[in-house]
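This report walks through one protein model, helix by helix. Please keep the sequence and the structure in view while reading.

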Amino acid sequence: MAFSADHWAFVFGVLGNIVSFIVFLSPLPTFYTIYKKKTAEGYQSIPYVVALFSSMLWIYYAFLKTNTTLLITINTFGVFIETIYVGFYLFYAPKKSRVQTIKMLSLFVVGGFGAIILVTQFLFKGAIRGQVVGWICLIFSLCVFVAPLGIVRKVIKTKSVEYMPLLLSVFLTLSAVMWFFYGLLLKDINIAAPNILGFIFGILQMILYVIYSKKEKAILKEQKLPEIQKAEVIVKDENMNTNNKFPELTQEQIIDIVRLGLMVCKDKVHVATCPHGTTCEAKVDENLPKLQTVEV
């Protein structure tokens with residue numbers, strides 16, 4: 001039995017739900033890193049704020065259309081998980097980043113979403129209302145895919161992929177493919193169109209990750225210094241503890257020490273030569289400091 005367009009739309013919708021579920025969970029390693037560092041410094045909250053706003057819009061759009069149950073299910077989960085992400089970010093963010101995030105929440109979630117509901121409910125009716133909300137969803141879906149470009153800019157500037165979540169880029173690309181076919185089979189341009197751009201941006205992010213991760217590894221390899229091993233020798237003597245360790249002296253070092261001793265003796269001690277092997281006294285330089293006698 002051949003599948004109709006509606007059947008295939010349901011299949012891609014289910015696959016889209018599965019992949020999108022993974023997309024919503026993909027930032028978990030990023031937030032685990034934030035938890036370990038006890039700070040969100042260096043990370044941006046705008047992708048999560050925009051994703052939260054977009055999920056709220058798609059739920060509103062799905063209620064205005066028919067045969068869009070799969071949109072409601074996944075975006076309900078999206079609102080739930082993105083709210084947790086934003087709250088977690090606010091808890092660990094520096095003061096400046098926290099203020100910026102609160103401003104974005106006020107602008108998008110409170111002011112923006114509230115204004116859209118009021119305007120569309122009072123100014124538009126029937127199918128026109130659905131079309132207007134659909135175009136608004138299309139625009140902000142593009143913003144969801146464009147939002148990570150701020151991280152892309154940072155990767156290019158710093159030549160480091162530390163703050164680029166690779167899993168998010170991979171699963172956003174897969175999600176874009178699934179939802180594109182879902183919208184295409186339902187003949188809903190508002191669903192299909194933004195996912196074309198999402199696929200392009202996802203591929204771009206993965207290419208940049210591969211390029212700069214290789215460069216970062218090469219730099220770290222060049223900066224690695226070889227380890228220098230110091231030779232040690234154990235000196236054994238009957239009157240000494242066999243466990244004492246002394247650094248080994250080379251033959252050149254021993255000669256230098258002997259020469260230094262001879263130079264000191266030559267400058268400070270004048271020895272009288274005595275004929276016939278008689279005992280003679282050494283004339284010591286009076287400038288030498290007197291040594292204290294220590295009784296043992």
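## Helices α3 and α4

In this predicted model, helix α3, which covers residues 46-64, packs against helix α4, which covers residues 69-92, at an angle of about 155°, and their axes are 8 Å apart. Because an angle over 145 degrees counts as roughly antiparallel, α3 and α4 are described as roughly antiparallel to each other. Their crossing is left-handed.

On the α3 side, the residues that meet α4 include Tyr48, Val49, Leu52, Met56, Trp58, Ile59 and Phe63. On the α4 side, the partners include Leu71, Ile72, Asn75, Val79, Glu82, Tyr85 and Val86. Sorted by class, the contact of α3 with α4 is made up of 15 nonpolar, 5 polar and 1 charged residues.

## Helix α4 and helix α1

Helix α4 also meets helix α1, which spans residues 5-25; the axes of α1 and α4 come within 10 Å and cross at roughly 5°. Since angles under 35 degrees count as roughly parallel, α1 and α4 are therefore roughly parallel to each other. From α1, the contact is made by Phe10, Gly13, Val14, Asn17, Ser20, Phe21, Phe24 and Leu25, while α4 contributes Leu70, Thr73, Ile74, Phe77, Gly78, Ile81, Glu82 and Tyr85. By class, the contact of α1 with α4 holds 10 nonpolar, 5 polar and 1 charged residues.

## Helix α3 and helix α5

How do α3 and α5 run relative to each other, roughly parallel or roughly antiparallel? Helix α5 covers residues 95-123, and it packs with α3 at an angle of about 15°, the two axes being 10 Å apart. That angle makes α3 roughly parallel to α5, and the crossing of α3 and α5 is right-handed.

The residues of α3 that take part are Ile46, Val49, Leu52, Phe53, Met56, Leu57 and Tyr60, and they meet residues of α5 that include Met104, Phe108, Val109, Gly112, Ile116 and Gln121. The contact of α3 with α5 divides into 14 nonpolar, 4 polar and no charged residues.

Two residues in the loops deserve a separate look. Lysine 38 lies in the loop between α2 (28-37) and α3, and its phi is near 60°, a positive value in a residue other than glycine. Asparagine 67 lies in the loop between α3 and α4, and phi of asparagine 67 is likewise near 60°, again positive in a residue other than glycine.

## Regions listed in UniProt

An unreviewed UniProt entry lists "transmembrane region" for residues 12-34, 46-64, 70-92, 104-124, 130-151, 163-185 and 191-212. In the model, residues 46-64 are 100% helix and 0% strand, and the C-alpha atoms at the ends of this span are 27 Å apart. Residues 191-212 are likewise 100% helix and 0% strand, with the end C-alpha atoms 33 Å apart.

## Confidence in the model

The protein averages a pLDDT of 78, and 72% of the residues score at least 70. Over residues 227-237 the pLDDT is below 50, and this stretch has 11 contacts in the model beyond near neighbours in sequence. The pLDDT is also below 50 over residues 268-273, a stretch with 9 contacts in the model beyond near neighbours in sequence. Where pLDDT is low, the predicted coordinates should not be read in detail.

Technical notes:
Residues are numbered from 1 along each chain as its sequence is written. This is a predicted model: local features need pLDDT of at least 70, side-chain atom pairs count only at pLDDT 80 or more; totals for chains, interfaces and linings use all residues. Side-chain values use heavy atoms; hydrogens and water are left out. pLDDT is the predictor's confidence in each residue, from 0 to 100. Contact means heavy atoms within 4.5 Å. Axes are lines fitted to C-alpha atoms, for helices over the stretch in contact, and angles run from 0 to 180 degrees between N-to-C directions. Helices (H or I, at least four residues) and strands (E, at least two) are DSSP runs, numbered from the N terminus. Angles under 35 degrees count as roughly parallel, over 145 as roughly antiparallel, 65 to 115 as roughly perpendicular and the rest as oblique. A crossing is left-handed if the near helix is turned anticlockwise from the far one by less than a right angle, and right-handed if clockwise. Ala, Val, Leu, Ile, Met, Phe, Trp, Tyr, Cys and Pro count as nonpolar, Asp, Glu, Lys and Arg as charged, and the others, Gly among them, as polar. UniProt positions are given in the numbering used here, feature names are shortened, and annotations may be inferred rather than shown by experiment.
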